[in-house]
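Please read the points below with the model open beside you.

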Amino acid sequence: MSASARGTARLLSGAGAAALLLPAALLLPAAVPAQAVSPAVSPAAYPARPPAADGKKGQELPAMPSSFDPDAGGEGEDVPCTPASREKAEKQDWSRQRLDLDRVHRHSTGAGVTVALIDTGVEAGAAGLGGRVTAQGAAGDDCVGHGTFLAGLIAGTGGDSPGLAGIAPGARILALRGTDPRGRASAGLVVKALEEATEARAGVIAIAVALPRRDAALTRAVAAARRAGAVVVAAATPDPPRLGTDEIPARTYWPAGEPGVLSVADMLPVGARPDNSLPTEGIDLVAPGAGVVSGGPRGTGHYLGGGSSTAAAYAAGAAAVVRAARPGDSPDAVTRRLTATAYPADIPQLDPYAAVTTVLGDSAAAAGRAAEPVTVRDTAVADRATGRATVFVLLGSAAVLSVLWAGFAFTRARARGWRPASAED
């Protein structure tokens with residue numbers, strides 16, 4: 001069966017088939033319950049109910065914001081943090097089923113790999129993350145909660161809900177701040193975080209923020225991280241998606257647009273990007289980015305989130321499981337493996353199970369290494385020699401056949417007493 005056929009079979013079985021049968025209402029943004037978030041939180045345009053894998057009505061969960069409403073409070077004023085969720089997901093969500101995480105974990109859990117997460121910070125003691133998060137200074141205080149939410153998708157164990165484990169539950173998280181306490185990103189903060197991740201020799205760097213303008217210092221920081229051996233994964237667009245009817249021209253966001261960075265965007269259960277997604281170019285992969293369930297910084301409840309940052313977190317976790325399974329591969333080889341084994345679509349769809357288990361050809365395995373110079377030789381002389389040898393072989397064969405036939409005819413003639421052959425003979 002071809003790779004395309006296998007991908008189609010996967011899409012039409014299990015979670016893929018269920019996703020195709022989902023009512024459209026479950027795939028579109030819905031209102032978030034008023035009691036679900038703090039008034040200071042600007043909830044993303046994600047459904048309040050995660051799409052259910054069995055096609056039934058999903059369970060209501062509070063939304064996880066990516067940042068606080070910039071109009072809430074004034075400068076220097078405290079903003080209420082995202083409150084603890086009082087709800088728990090009752091079953092595994094569609095994203096984990098689509099990514100086939102139960103089978104992925106039989107081959108690799110990302111053990112031994114450190115993933116640096118650049119976002120709003122991570123609460124080291126959050127449910128399912130205890131003992132595997134390193135966070136210094138402000139990065140250990142996640143008031144928004146978004147960074148902790150993403151950390152759960154990357155390396156969470158699921159706590160008392162093991163079906164909601166992350167993609168690389170054996171990996172470690174290095175929490176870094178790329179935003180201010182309200183979740184507003186800046187190039188300076190992302191550059192500083194990248195430098196810290198590079199110094200710590202993180203195997204994978206996940207950048208959950210996207211900036212509208214390129215920055216020279218950011219370009220240098222990304223290049224330094226890649227030279228140090230890190231796989232750099234970045235959200236293709238900012239979160240949350242903008243609402244409204246005004247058409248927004250496609251643009252490149254940074255650092256996703258930097259050379260060598262794996263640019264990841266969000267997708268719905270049916271594989272398409274959300275209608276309200278910010279348009280961009282140069283997307284390498286899409287991954288689940290709507291109706292995704294994870295934990296938060298406070299309590300043991302669950303939240304609902306999405307967007308390109310969520311998709312990038314999943315891709316970073318996939319990079320971790322590949323690095324753990326193939327420690328000798330270069331960062332470029334890991335990136336190439338993630339894209340080469342993705343489910344074929346208009347934009348390739350992340351398939352971590354295929355990335356861990358597929359045996360690629362030499363050309364794919366050699367990705368990331370400098371191309372060796374090819375010597376072009378004049379083969380005319382060799383070709384002429386080969387032609388002459390062929391002629392000699394044919395002539396020799398004809399001579400041997402002539403001798404054999406002559407011997408056969410001589411024997412027959414002598415047996416007849418040298419008489420001419422008759423019809424009876």
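1. Buried means under 20% relative accessible area, exposed means over 50%, and partly exposed lies in between, with a 1.4 Å probe and protein chains only. This is a predicted model, in which local features need pLDDT of at least 70 and side-chain atom pairs count only at pLDDT 80 or more, while totals for chains, interfaces and linings use all residues. Residues are numbered from 1 along each chain as its sequence is written, and side-chain values use heavy atoms, with hydrogens and water left out.

2. The largest nonpolar core holds 53 residues. Such a core is a set of buried Ala, Val, Leu, Ile, Met, Phe, Trp, Tyr and Cys residues joined through side-chain atoms within 4.5 Å. Val115, Ile173, Val233, Leu338 and Leu350 have the most contacts inside it. Helix H9 (residues 308–325) supplies the largest share of this core, 11 residues. Helices here are DSSP runs of H or I with at least four residues, strands are runs of E with at least two, and both are numbered from the N terminus.

3. Which residues does Leu338 touch, leaving out those up to four places away in sequence? They are Leu262, Leu285, Ala315, Ala318, Ala319, Val322, Leu350 and Ala355; contact means heavy atoms within 4.5 Å.

4. The whole structure has 8 salt bridges, each being a side-chain nitrogen of Lys or Arg within 4 Å of a carboxyl oxygen of Asp or Glu. One of them joins Arg214 and Glu258, at 2.8 Å from N to O. Arg214 is in the loop between strand S4 (204–207) and helix H8 (216–227), and Glu258 is in the loop between strand S5 (231–235) and strand S6 (262–267), 44 residues apart.

5. Asp332 and Arg226 form another salt bridge, with their closest N and O atoms 2.5 Å apart. Asp332 is in helix H10 (residues 331–340) and Arg226 in helix H8, so this pair ties together parts 106 residues apart in sequence. Asp332 is partly exposed, at 28%, and Arg226 is partly exposed, at 26%.

6. Asp329 and Arg326 also meet in a salt bridge, 2.8 Å from N to O. Asp329 counts as buried at 18% relative accessibility, and Arg326 as partly exposed at 30%.
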